[in-house]
Amino acid sequence: MQTWQKAGIITLITLAIGGIYLFTVFEHRKNPGVIPQDSQQPALSPDDLAVVRAKFPTSFDDVLKLQNTSVWMKNGYTMPYYPFESGRIVFTQRIGVIPTAQRLEIKKVIKAAAPATIDDGISHGSRQAFAIFNLPGDPKLYAIAIGAIDSSQESYFSDVLFYYDDPHTIYDNWPKDVWTAIDAHQVKLGMSELQTRMAVGQKTQSDDSTEGNRTVTYDQTGKQWIVTFVNNHATAIQSK
């Protein structure tokens, strides 16, 4: 067999293989078939689609923009607050911790040094940033730590601590009876984990890392709620 004949045969084989491949790809793209159900992404819930604004503060000037605004507590039952009297924070008179969804009317933001013996929920640094606020219907001023400043290092946590919009409007898809329970800081059967955290706070321990299918213990300033969730619905509730 001549060399040119051998080359021709090889070329024909290559073209045939290529043609089969191209035909297979074409048919697959024309009829991709059904995607297996278990490979599809789970559908997003209204809570997943809710818009929770963030400000990403990196400087004291950024948190100064909170002055004369309303915020709502996100990290509930974890952050202590103190009286603010005669232009200073009275660290010796800790009031308590702020519940989730509590509205705060921020009047100003200041820098102050907390005593080393005070645990106000945020690392001290050389100074801290504090939001000075009113509670609705209460003319007294209070202070809560929202950041730490140490030389050129600054850390601010307002995005973690606060909702910048009323959570009643953020999660306006929640039923009225759920919001009634949340506003009373109570847990009821059927609540999701997010709704339960909104009611009794972020200070939790759980027996599993799978949210929505586990038992979670919430520490609500000394009162404990032990809630079992199945498919992200509270199915059993104990309090003590």
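Me: Before we start, what should I know about the model and its numbering?
Reply: Residues are numbered from 1 along each chain as its sequence is written. The model is predicted, so local features need pLDDT of at least 70 and side-chain atom pairs count only at pLDDT 80 or more, while totals for chains, interfaces and linings use all residues, and side-chain values use heavy atoms, with hydrogens and water left out.

Me: Okay, how many residues of helix α7 are buried?
Reply: Eight of the eight residues in α7 (residues 193-200) are buried, so the helix is largely enclosed by the rest of the structure. Buried means under 20% relative accessible area, with a 1.4 Å probe and protein chains only, and helices are DSSP runs of H or I with at least four residues, strands being E runs of at least two, numbered from the N terminus.

Me: And what covers those buried residues?
Reply: The cover includes α2 (46-49), α6 (176-183) and β12 (223-230), where contact means heavy atoms within 4.5 Å.

Me: What comes just after α7?
Reply: G201 follows, with a positive phi of about 100 degrees.

Me: New topic: in what order do the four strands of the open sheet run?
Reply: The order is β10-β11-β12-β13, with antiparallel pairing, and two strands pair if DSSP finds at least two bridges between them. At the edges are β10 (204-206) and β13 (233-239), each pairing on one side only.

Me: Last one: is A129 buried or exposed?
Reply: A129, which lies in strand β6 (residues 127-135), counts as buried because its relative accessibility is 0%.

Definitions and conventions: Buried < 20%, exposed > 50% of the residue type's maximum accessible area, 1.4 Å probe, protein only.
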